[in-house]
Amino acid sequence: MEKNSLIFVAGHKGLVGSALMRELRSKGYTNLIFKSSAELDLRNQAETEHFFAETRPEYVFLAAARVGGIGANNVHRAEMIYNNLMIESNVIHNSWKYGVKKLLFLGSSCIFPKFAPQPMKEDFLLTSELEYTNEPYAIAKIAGLKLCESYNIQYGTNFISVMPTNLYGENDTFDIENGHVLPTMIRKFHEAKVNGRDFVELWGTGKPKREFLYSGDLAEALVMLMENVSFSDLNKGMSEIRNTHINIGTGTDLTIYELAFIIKDIVGYDGDIVWDTSKPDGTPRKLLDISKIKSFGWKPRTNLTDGIEKVYRWYVRNNASQE
Ligand code: GDP
């Protein structure tokens, strides 16, 4: 990838896309293409084809997706599977059709089986059943990485897929019902602090464990992979080419209970926490094995407390109600 290559960042406003834009710009990439969803609806086959035919991007980061936390995944099941399948099919197919040199597709660690041995290696994909709350989303993401793999095998494209763990960072969705746990906790504790509430209600038992990666660290990994790693590096020695995706995480996890106390502390809230056990816990644990990405020379840089402090400051500046 040259500094003046034409690079399409699909989903540039989101948590991952905005971190990618910052990383690409800071590394001197000058020719970035990005479109709002009003300008380009990637779920629409004709619109997407027209865009690729006109623009002819050389490199594509496919960070556009319909995402959400456990609540959104469980309730908006049809939207999760439909929107993601359409976006992936349209972008991946047209990337092949219009000669994209390399594409990087973002999956998610929730594609792994609910009770996979920990830490989860790339090869554990499709070895047993998925977690119910995010099954439609996971099926769509598995389809996305199989699209990439299949186009590579049949057509010789260079499309690679990554499976990031739970992410957090700037431009996240800080939504009580639909957000992921970390930004939602930031908002709940912040609002309880400014409104002087006695307690904050969190979901489930607090016992599940999760791994959290800062979006800026992920963006460094994505650009490094786009610069240095090809599909041929990922299928060496395989008699049947499968599971060529790459996990990206920190290699360590903590309980939701521990996370809650870290965020409560950073926000400076001194009320109580009440656990609403009528809400789902989801997968008990989903820690990624990150040996493969480490073998390419990447490791995470931001420790969890520093990252949450940074994101809390961003939230206060950009979103938070101050009263
Ligand atoms: P997941 O990692 O795909 O399951 O999705 P989330 O990022 O939404 O994390 C869900 C985990 O955090 C589950 O164990 C929830 O029970 C727990 N959790 C605790 N409080 C909250 C909350 O306020 N919002 C969300 N989304 N999850 C919460």
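Student: Why are Tyr257 and Phe261 separated by about one helical turn?
Tutor: Tyr257 and Phe261 are four residues apart in helix 9 (residues 256-267), so about one helical turn separates them. Helices here are DSSP runs of H or I with at least four residues, strands are runs of E with at least two, and both are numbered from the N terminus. This is a predicted model, with pLDDT of at least 70 needed for local features and 80 or more for side-chain atom pairs, while totals for chains, interfaces and linings use all residues. Residues are numbered from 1 along each chain as its sequence is written, and side-chain values use heavy atoms, leaving out hydrogens and water.

Student: Is Tyr257 buried, partly exposed or exposed?
Tutor: Buried is under 20% relative accessible area, exposed is over 50%, and partly exposed is in between (1.4 Å probe, protein chains only). Tyr257, at 42%, is partly exposed, and Phe261, at 37%, is also partly exposed.

Student: How many aromatic pairs does a search of the whole structure find?
Tutor: In general, a pair of aromatic rings is described by the distance of the centres and the angle of the planes. Rings of Phe, Tyr and Trp (its six-membered ring) pair when their centres lie within 6.5 Å; planes under 30 degrees apart are stacked, over 60 edge-to-face, and the rest tilted. The search finds twelve pairs. One of them is Phe8 with Phe51, tilted, with 4.6 Å between centres and 50° between planes. That pair links distant parts of the chain, 43 residues apart: Phe8 is in strand 1 (residues 7-10) and Phe51 in helix 2 (residues 45-55). Phe8 is buried at 2%, and so is Phe51 at 6%. Tyr257 and Phe261 form a tilted pair too, at 5.0 Å and 45°.

Student: Which aromatic cluster does Phe8 belong to?
Tutor: Phe8 forms one aromatic cluster with Phe51 and Phe52.

Student: What lies over the face of Tyr29?
Tutor: A charge sits over a ring if NZ of Lys or CZ of Arg is within 6 Å of the ring centre and within 35 degrees of the ring normal. Lys3 lies over Tyr29, 4.4 Å from the ring centre. Over the face of Trp203 you will find Lys279, at 5.2 Å.

Student: Which residues come nearest to the ligand?
Tutor: A residue is near a molecule or strand if one of its heavy atoms lies within 4 Å of it. Of the 17 residues around the ligand, the nearest are Ile70, Lys188, Arg210, Pro280 and Asp281. Helix 6 gives the largest share of the shell, three residues.
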